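Student: Please take me through one part of this structure closely. I would like to see how two of the chains meet.

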Amino acid sequence: MPVKENLIIESTGHGQPFDYAVGLYGSRFFSELRDKRRLLGVKCHKCGKVYVPPRRVCGDCFVEMTEFTEVGPKGVIGTFTILRYAFIDPETGEQKPVPYGYGFIRLDGAGTLFQHYISIEDESKIKIGARVEPVFSEERKGNVKDILYFRVIEGE
Amino acid sequence: MPKKRVAIVGTGQTYHKSHRPDVNGQELINEAVQRALKDADLTIKDIDAVVIGNMDHFEGINYVDCWSVDGSGGTMKPVIKLTTGGTTGSTLAIGGYHFVASGLFERVLIIGWEKNSESDTTGAITTAFDPVWDRLVFAGAISGLAAEAQAYMAKYGATEKDAARVSVRDRKHACNNPHAQLRREVTIEDVLASPMLADPIHLLDVCPRTDGACAVIMASEDCAEKITATPDWIWATANRHKYTYLGDVNWGELDSIAEASGEIYKKAGIREPGKEIDVIELYQPYSFAGIIWIEDLGLVERGKGAEYIWSGATDMGGELPVNPSGGVIACNPIGATGLIRCAEAALQVMGKAEARQVPDVNFALSTGFGGCMWTDVLLHGKKKPD
């Protein structure tokens with residue numbers, strides 16, 4: 001299977017036979033991320049909650065959301081763990097790069113948490129409430145890997 | 001309201017092991033079914049319908065409702081499959097309850113099973129989560145649970161030692177249960193010295209992967225008391241889902257168990273759950289949940305879970321024993337795990353729990369927990385519901 005530019009799942013250069021739709025809202029999120037390094041949420045007009053990743057329906061209010069709003073790119077660690085046990089990633093067939101930081105990031109302005117890697121160069125800095133910023137990939141394809149990881153920033 | 005009151009009249013479990021190469025899935029299922037039929041003194045001819053389930057992706061074999069009929073006893077009977085991730089077993093129980101409560105079926109056989117040895121559990125669990133938004137960093141069940149524990153610890157100051165106390169309790173209780181996979185006592189020091197899997201969860205804080213099956217027979221009020229003198233009456237069931245992605249979760253509190261148990265208490269007229277419930281079989285896949293979720297269940301105030309655990313209240317002989325069976329930390333054939341909680345609660349009410357029996361059980365609670373922090377709850381009682 002040829003590797004396409006927008007592949008979500010790739011195994012060291014090989015594509016997998018899945019073709020997941022991200023929808024119009026997901027496409028908009030990834031286009032902004034790829035082209036402008038901007039992160040988008042969507043706001044519920046009824047309860048005011050800002051969802052990241054953006055999706056069409058607020059589950060609590062069961063209404064369609066249409067108001068896109070920029071969030072982040074900085075934020076704080078909402079919760080996290082550091083994965084230390086080795087296991088095979090079914091996405092790639094390879095061992096996950098343990099240990100790694102698994103962050104749930106509250107991007108500035110967002111009401112939900114965004115999952116991504118956190119750099120664990122200095123583990124003592126990885127705490128709930130710590131300020132973080134994303135490190136973007138130089139070559140962005142329009143998927144979640146356009147952010148390489150988040151890292152703790154100090155002095156803010 | 002149910003058209004018919006419903007009771008559990010028999011249960012059967014395999015002797016759960018990490019690896020059962022001596023049987024295939026169908027044969028494992030048959031072991032549990034034969035034991036449940038024997039327990040209820042029924043034959044397969046007495047069964048009107050079968051509700052069965054597991055998590056297909058663990059074995060990579062789909063449609064157990066079809067291929068298991070020789071072992072399940074489902075040949076030429078109505079058979080339906082239910083599968084809801086970690087809650088599969090408890091959902092099977094709730095589904096079976098709905099079958100009988102509707103008045104459409106009188107005696108229903110409910111089967112949950114899993115052969116976790118047949119694949120990679122973490123890899124399989126990953127395929128239950130969103131490929132676009134969840135999977136990049138997701139690392140199986142432990143990663144989400146670790147995030148929950150971190151959030152709770154930051155908010156309420158509980159420690160790894162507090163959690164270890166829960167693991168010590170469940171592993172001790174498991175020694176009384178011949179069906180449990182892991183029956184070895186551990187100390188708090190053992191738990192804290194075991195390898196760190198995902199901060200703050202140590203190896204001895206979490207459940208194993210298990211091969212095993214469980215079967216439960218439910219009957220309507222028209223025949224339950226003819227089948228057994230001590231039926232376990234189902235007083236209420238409830239279930240809640242709340243989140244789509246793991247990033248949506250209100251980490252540190254389990255909203256779904258709080259709401260589901262609230263509904264149960266309301267239906268049964270329970271005002272003080274900590275005093276009115278006599279025993280709980282909690283689907284507690286890791287030790288920290290033993291602290292956090294008893295708060296969400298309304299048994300103790302927010303932030304007081306650890307203190308309650310250290311008091312010994314949830315130990316055998318305490319005021320509200322939790323997991324006399326040893327729970328999920330001692331045994332976890334995933335598609336059966338929730339149904340085992342239900343069966344163990346039934347054994348407590350029926351007075352058939354042998355070495356793990358809690359005296360004078362009038363009300364027992366069993367729960368199920370799954371993936372994106374969802375919950376099933378069942379209330380079991382000795383007395384026939386009003």
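Tutor: **Where chain B meets chain A**

The contact draws 31 residues from chain B and 34 residues from chain A, where contact means heavy atoms within 4.5 Å. This is a predicted model: local features need pLDDT of at least 70, side-chain atom pairs count only at pLDDT 80 or more, and totals for chains, interfaces and linings use all residues. Residues are numbered from 1 along each chain as its sequence is written, chains are lettered from A and ligands numbered from 1 in the order in which they are written, and side-chain values use heavy atoms, with hydrogens and water left out.

Start with the area. Chain B and chain A bury about 2900 Å² between them. Buried area is the accessible area (1.4 Å probe) that two parts lose on being put together, summed over both. Carbon and sulfur atoms give 65% of it. On the chain B side, B:Trp133, B:Leu136 and B:Val137 supply 27% of the area that chain B buries against chain A, more than any other three residues.

Two salt bridges are counted between chain B and chain A; each needs a side-chain nitrogen of Lys or Arg within 4 Å of a carboxyl oxygen of Asp or Glu. A salt bridge joins the side chains of A:Arg55 and B:Asp248, at 3.0 Å from N to O.

Which elements of chain B take part? Helices (H or I, at least four residues) and strands (E, at least two) are DSSP runs, numbered from the N terminus. Helix 7 of chain B gives the largest share of that side, seven residues.
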